[in-house]
Structures are given as structure tokens and as C-alpha cells.
Amino acid sequence: MKMALKIWRFEPKTGEKVLRDYEVDAPEWATLLDVLDIVKDQVDGSLAYRKSCRMMICGSCGMRMDGAAVLACKTRMYEIAEAGHVPVISAMGNLPVVKDLVVDMTPFWEKMHAVQPYLQPGYADPGETEHVIAPQQMEPIHKEALCINCGCCVSECNSMEADPEFLGPAALAKGMRFVGDPRDGQKIERLESYSQEHGIWDCTRCYFCTQRCPKGVDPRDAIAKLGAEAMKHGIDRDMGAKHAKWFVTSSKTTGWLRETELVPKTQGIARSIKEIPFAMQLLKKGKVPPPVPPHVAKDVDQARALYDLVKQQGRDGAAGIVQGEKALERIEFVEEVERREQAE
Amino acid sequence: VTKVAYYKGCLASLSAKELDISTKALAPKLGLDLVELESVTCCGAGDIHEAEPDYYLHLNARILAYAEATGTETLMTICNVCTLNLRQANWQLKNDDTLRERVNTNLEAVGVPPYAGKVEVKHLLWLIAEGEGFELLKGVAHKGLKGLKIAPFYGCQILRPSKLLGFEDPDKPSSLERIIEACGGVPIDYPAKIKCCGFPIIQAREDVALAELIQPIEQAMEAGADAMVTPCPLCHLSLDAWQSKLEKSTGRTLGMPILHLSQLIGVAAGFSDSELKFKRHVVPVTAITDKLSV
């Protein structure tokens, strides 16, 4: 059947950027990658794009279709062509374009290296035998381990667009993959490192990464797990962590957010003083609710009691980012294994 | 008339009271009978989810339980962040009986009714955009927006992740546009309408947040918008209150009026000052109220 595309071409030698139309005959089962192959074979051999496995595992063919990052080999064209839609294909975002649909992945790999994406062994040398890990022990980081480094999440990250130094969803999800690995011995050092400027607390929670990931890694969830693990281990000096803690305090004391106190509790007194002119401007409009008397929710003592109760049950940190009770059972199994290993 | 449990969340109780006031004025006209929940707390805004995740789940289960106890099937929210936090917890509780049993045991231990998993969390936008609300809208918005150009700003957590939200196409949403048209306005299109306003990190990383915030305002201006409308009080706060900081950092005059969804419809419906509370906005709304001679 006829399949049509518009492709943003970029020629680095001349700096020319132009949107070109293409129409080819392609089989009904064709993916976007198949259609690009036909264009390259039959229409214009100079079209540049990356590909390798053609089966969603190498992570080479990340690109944008109508502005949204996709894996070309995962994207079927039949329904799009059938609907008469002509999609616009362009290179991924947040990475420099080399030519046409090819981006320079260097910034991506630099951030990946920065999180030390390899085990820092922390287990006792098992000697002559191999170190045995039960499948259940890896289950809590199952999602994070699915990453194929395609860059679709990074392409769409709103924080990285605003702060190019942000470690970003792919590197942080990789970080969680090692923080949650029972064999890794540098968990605390990792959490300290990822909690710095441009780390965990730079995430703006736009959820584009989770929306776009073609493999179900759910990077935003991984970043939340890192935040939860960091705070569980008392790594909470960052303003982002202080901001999060104030919500907990508020919910236990008044039930609702103690909004006006959020600024000094997050930024500290010295920094907050600089914000006084801005606050005065908001005050005039009633946007600085007076902290006294506090706006207290009915039956807030129940929230406080719930807090005490769940704290006793000890599902702090990433274990509390509930992936369903089955996952929790597995986490408990892991802890049991670890206790047993320590006892031995 | 549909009875719905109403969870207004923190901001509409505090700095964005105008949202609560205009929502309460609007709801009955759109066939919604609001039962306001009282024994409820903050949803955690994603922050408690990160700081104390198990506590987050229980806080939201408690809100859902009290919503269920009103005998309604719908819990109405007026904030993107509340919507995602409640729907995320609800998804976990509905899909995992063992988990719900544990949470319910804890809820009952502190005197909260158990949650059977029968509640659906829906944003006001969704209730208006589908079914009866939309039918009533045209009659309600009798004064109309007289062709004002309105830039819809969705924000993030009413669209993504779509597996938890799923009301409409997260890349090509249309609910706000349809409402703007039904009110006699002209929706304008611009790429940043589905992007982030920066609010979650506006305290901890203001520079990063402002670099996000400039995009939708700038694009809406370039597209000739008279005002922007958003379904989220957090987006409203950053777009409206932090706009002055953008003006300072860019040296440009922006002056873009920002309306809550309930205010936009309220204007078209001829609501009074006391129902709209535009005086509580930082950026004056006079540019559009003058045009409509409100």
C-alpha cells in the first residue's frame, strides 16, 4: 500500500534544514523503519538514520514521529497510512543533530558514565563457586533493567530541555538499577552522588519519560524510588528533599499543606529573605495564606495515627513505591535472603 | 443531576481560593451536586509519594474511602496533581486485593472506613467534557466569550502517564479546546500546551522551572492569545504568580492573563465578581474582562 512521510532533513555541511515529502509502496506489515529503508533504497540514498536489530532490543532507531519519540522498528505504519495521515519524522530532541535523523549520543553516554553503570561488588567473595542470585532478588529492579539506551525518554525530558546538565531519566533509571541490585556495595555513595545538583531533585515530574519509554522502564518511577531511598538513608540536604519532607510534616499536623511555610522550610531562612519582595506582591492578592491560625483538616489525628502505624510496618524507601503486593512479597523475600546470608 | 464527592485539595483551600469559589458556583449549573469531603488531607502532591511512599498510599486510600462513604461513585478533583496521585493509589488498590486488605486493616485501626475499591477519580475537566456536562455547557455559557482567543494549557499530570489517566490522547488532547469553543471562544494551538509549567521544582530549582515556564507563555503570546486557561491550580500559580519573575529575568512585558477552567466558563456564563474572584490574580485579567465588559 502507499505510505507517505514527511522527513526533516538536515545537511551539516550547508546547515540546510528542510522538510521533504516522500511516498513509497510498502507492505501492510511495514514499520516506520521498513518505510525508511524503502525510501533510502528507492528514493534517496543519502537519507541518514540509525538502525541495527529491527526488533526493539538494540535501541538504535529512536526518532520522533509527529513530535513524539518512538522506536522506528516498533511503530507500525498500516493504521496511520489507512487513516490518510502523513506523519512528520524528525530527529530526537535534547541531543545535537548530526545529519537528518541521526543524533550525537555523546551527552547521553556521558551522563550514563556519570552514574557508574556497573556493579561495585559489595558481597563476600564466594570463592570457587559462583555468586548465586535468586530471580526474586532482581525483581524489584526488573523494570529498570529493561532499558535499551535508546534515548526516547531523554529526547522528551522537559527538565533537561531547561537544564542540559540534568542527569536525566535514562541515567537515573540506570542508577536505580544498581542502587536496587543486591550485589552492589556502593548504594549510599550512589545515592549521595545522584542527590547532587542536576540529579534526582531536578526532575520536574512531567512524566514524558514514562509516557515515551518503548520498553516500560518507567523512569519517573525509578527517580521517585531513588528519592525515597535517599531520604530513607538520611540523604536529605537538597532543597528538593526538604520540600518533600515539608509535605509529610504538613499532612501530619494540619492535614493540608502549610503553604506559606513551604518556602523557608525548602530554601532556608537566608534565601527566603530575598524572596520577601516577591512574597509581598503575592500577599496583596491573598496568595500568601497566613500560617496562624492554621487551616486544619477535620479528623487530622487519623492521618497522624496512620503515619505512625505505617512507619512501624517499615516499608520505607523504594520498597514503599508500591508495585503491587506481589512485588513487596518479593522484596521481603530478598530481605530474608540477605538476612540468611549475613547469618552465614 | 449527578452527585459527586468533591476533593478540593490544598491550593484551592489556600492560595487559590478563587478556584474553589468559582467551581462551587459552576458545578450546579452543569448538573453536578458536590458533596465536599471534610475528613481528608493533602494527597501528597507527589512529594509524600517520594518521601514516605507507604504513607502516601494510605493517605490517598483514606481520601478514597471517605469519598466512597458518601455513596457516590465519582470523586471529583480540580487539580492535575491531586488527580494523578489519587488515580495512582486507586489503581494500585483496585488491582491488588492483598494490598487493599493490608491498607484497609490499617485504615480501620485508626477509625477510617475501609475502601472497597468502587470509586473512580475524575477531574472537573473530564466531567464537563463528557456527557451531560457538555450538553448543559452551551446553555450555561450564554454570554459567551465573543471570539476571544484562548490558549489551552493542560499541564502534565492530567495527561501523563496515560496508563493512569487515559481520558484523552496525551499528545493531541482536545477537551479544553472543545470547552473553549462551546463557550464562544477561539482555541489557539501551540506546541507547549502539553508541556510542564515547572511548578514541582519552582522552589528547589527556580532557574530550571522558569526556563520551562517561559515556553507556554511565550508561545501563547506569539499565537495571539488574549488569555490562557488551565485545569490545574499549580500550573495557574506558576503561570500567574511567577510571571513577574519571568518579566524580570527576560526584561520583557508579558502580562498574559491566566484563568482557571471554572473561571473561563464562569466568565462566559456571566458570573459576578464574587464568584470569579479575579482580584486574587497577580496578572490582571482586565484585558479580557474589558473586551467582554464584565
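## A bridge between the chains

Let's start where Glu275(A) and Lys245(B) meet: their side chains form a salt bridge, 2.5 Å from N to O. (A salt bridge here is a side-chain nitrogen of Lys or Arg within 4 Å of a carboxyl oxygen of Asp or Glu.) This contact crosses between chains, with Glu275(A) in the loop between helix 13 (269-274) and helix 14 (276-283) of chain A, and Lys245(B) in helix 11 (residues 243-250) of chain B. Helices (H or I, at least four residues) and strands (E, at least two) are DSSP runs, numbered from the N terminus.

Are these two partners buried or exposed? Glu275(A) is buried at a relative accessible area of 18%, and Lys245(B) is buried too, at 13%. The cut-offs are under 20% relative accessible area for buried, over 50% for exposed, and partly exposed in between, using a 1.4 Å probe and protein chains only.

## What you're looking at

This is a predicted model, in which local features need pLDDT of at least 70 and side-chain atom pairs count only at pLDDT 80 or more, while totals for chains, interfaces and linings use all residues. Residues are numbered from 1 along each chain as its sequence is written, chains are lettered from A and ligands numbered from 1 in the order in which they are written, and side-chain values use heavy atoms, with hydrogens and water left out.

Over all chains, the structure holds 49 salt bridges. One of them pairs Arg205(B) with Asp202(A), at 2.5 Å from N to O. That pair also crosses between chains: Arg205(B) is in the loop between strand 6 (186-187) and helix 9 (206-222) of chain B, and Asp202(A) is in the loop between helix 8 (187-194) and helix 9 (208-212) of chain A. Asp202(A) counts as buried at 0% relative accessibility, and Arg205(B) is buried as well, at 6%.

Over in chain A, Arg258(A) forms a salt bridge with Glu261(A), and their closest N and O atoms are 2.8 Å apart. Arg258(A) counts as partly exposed, at 23% relative accessibility.

## Rings across the chains

Now for the aromatics: there are 6 aromatic pairs over all chains. Rings of Phe, Tyr and Trp (its six-membered ring) pair if their centres lie within 6.5 Å; planes under 30 degrees apart are stacked, over 60 edge-to-face, and the rest tilted. Trp256(A) and Tyr7(B) make a tilted pair, because their planes are at 35 degrees, with the ring centres 6.0 Å apart. Trp256(A) lies in the loop between helix 11 (239-253) and helix 12 (259-267) of chain A and Tyr7(B) in strand 1 (residues 2-7) of chain B, so this pair joins two chains.

Phe278(A) and Trp242(B) pair edge-to-face, 4.9 Å centre to centre with 65 degrees between the planes. Phe278(A) sits in helix 14 of chain A, and across the chains Trp242(B) sits in the loop between helix 10 (233-241) and helix 11 of chain B. Phe278(A) counts as buried at 11% relative accessibility, and Trp242(B) is buried at 7%. Ring pairs also bring in Phe199(B), linking it with Phe278(A) and Trp242(B) into a cluster.

## Charges over rings

Two arginines put their charged ends over rings: Arg177(A) over Phe178(A), 4.3 Å from the ring centre, and Arg178(B) over Phe134(B), 5.0 Å from the ring centre. For this, NZ of Lys or CZ of Arg must be within 6 Å of the ring centre and within 35 degrees of the ring normal.
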